[in-house]
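Please describe this model in running text, giving the cut-off behind each term as it comes up.

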Amino acid sequence: MQRTGLIGVGAGLLLALVGTAAAETTVEMQALSSDGTGDSLGTVSAEDTDHGLLLTPDLAGLEAGLHGFHLHTNPSCDPSESDGDVTPGGAAGGHFDPEETGTHQGPYRDDGHLGDLPALTADSEGYVSTPVLAPRLTEADLAGHALIVHAGGDNYSDEPKLGGGGAREACGIIESD
């Protein structure tokens, strides 16, 4: 079986294990630059399951490898500027942290940012399609925030800064209901 087939079987098994609900939120993800948002890179769909929030990416155009993935505080993909430095997607603010933990501990621990999501993996052609499960979130938590895909991986800790993730490279806004 080819790798693509194995990914499909794995995604199917994940869906069967978690169960699915009827409602679904779909977020368009756009490339980020210091000028703002650019072309669409695809979508991320989100739906509640019995075990948390299932996030299903359908993205293209990313570098191969791991990418940090987070729910950010503000519903904006605009750049921000501080001391003359422009941060693409910076207006999205920091990771969603309603409990004000101030720590980056990943999606599976209760003592860190609620916005820490499982890392995404782009294949050798830059496609991301494998679903990930965020057990501490529900679809209702998404409204009024932004999803951000970062360059580089994520080790779910504060060292190096924010788990070693890099620049913000894709963003999607989830409007408030």
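Helices (H or I, at least four residues) and strands (E, at least two) are DSSP runs, numbered from the N terminus, and two strands pair if DSSP finds at least two bridges between them. This is a predicted model, in which local features need pLDDT of at least 70 and side-chain atom pairs count only at pLDDT 80 or more, whereas totals for chains, interfaces and linings use all residues. Residues are numbered from 1 along each chain as its sequence is written, and side-chain values use heavy atoms, with hydrogens and water left out.

## Confidence and overall make-up

The predictor's confidence in each residue is expressed as pLDDT, on a scale from 0 to 100. For the protein chain the average pLDDT is 86, and 83% of the residues reach at least 70. Among the elements of the chain, strand 3 (residues 52-59) has the highest mean pLDDT, 98, while helix 1 (residues 3-18) has the lowest, 45. Over residues 1-21 the pLDDT is below 50, and in the model this stretch has 24 contacts (heavy atoms within 4.5 Å) beyond near neighbours in sequence. Where pLDDT is low, the predicted coordinates should not be read in detail.

Of its 177 residues, 42% count as buried; here buried means under 20% relative accessible area, exposed over 50%, and partly exposed in between, with a 1.4 Å probe and protein chains only. The chain exposes about 8,800 Å², of which carbon and sulfur atoms supply 49%; accessible areas come from the Shrake-Rupley method with a 1.4 Å probe, and for residues only the protein chains shown count as cover. Among contacts between residues at least 6 apart in sequence, 62% join residues at least 24 apart.

## Strand 1 and its partners

Strand 1 (residues 25-33) pairs with strand 2 (residues 36-49) in the antiparallel sense over eight bridges, and a hairpin of two residues joins strand 1 to strand 2. Within this pairing, Val27 has Val44 in strand 2 as its bridge partner. Strand 1 also runs antiparallel to strand 11 (residues 168-174), to which two bridges join it, and there Ala31 has Ala170 as its bridge partner.

Asp39 has its place in strand 2 and, leaving aside neighbours within four places in sequence, is in contact with Met29, Gln30 and Ala31. The C-alpha atoms of Asp39 and Ala170 are separated by 9.6 Å, although the two residues are 131 residues apart along the chain.

## Nonpolar cores and the disulfide

A nonpolar core is a set of buried Ala, Val, Leu, Ile, Met, Phe, Trp, Tyr and Cys residues joined through side-chain atoms within 4.5 Å. The largest such core has 25 residues, and those with the most contacts inside it are Met29, Leu55, Leu59, Phe69, Leu147 and Val149. Several strands each supply at least two residues of this core, among them strand 1, strand 3, strand 10 (145-150) and strand 11. Val149, leaving aside neighbours within four places in sequence, has contacts that include Met29, Leu59, Phe69 and Ala170.

A second, separate core of six residues includes Leu32, Cys77, Ile148 and Cys171. The structure holds one disulfide (a pair of cysteine sulfur atoms within 2.5 Å). Cys77 and Cys171 form this disulfide, with their sulfur atoms 2.0 Å apart. Cys77 lies in the loop between strand 5 and strand 6 and Cys171 in strand 11, so the pair ties together parts that are 94 residues apart in sequence. The torsion about the S-S bond is about -80°, so the disulfide is left-handed. Both Cys77 and Cys171 are buried.

| Residue | Location | Relative accessible area |
|---|---|---|
| Asp39 | strand 2 | 61% |
| Asp83 | loop between strand 6 (80-82) and strand 7 (85-87) | 79% |
| Glu100 | loop between strand 7 and strand 8 (120-122) | 70% |

Asp83 has a positive phi of about 55° although it is not a glycine, and Glu100, likewise not a glycine, has a positive phi of about 55°.
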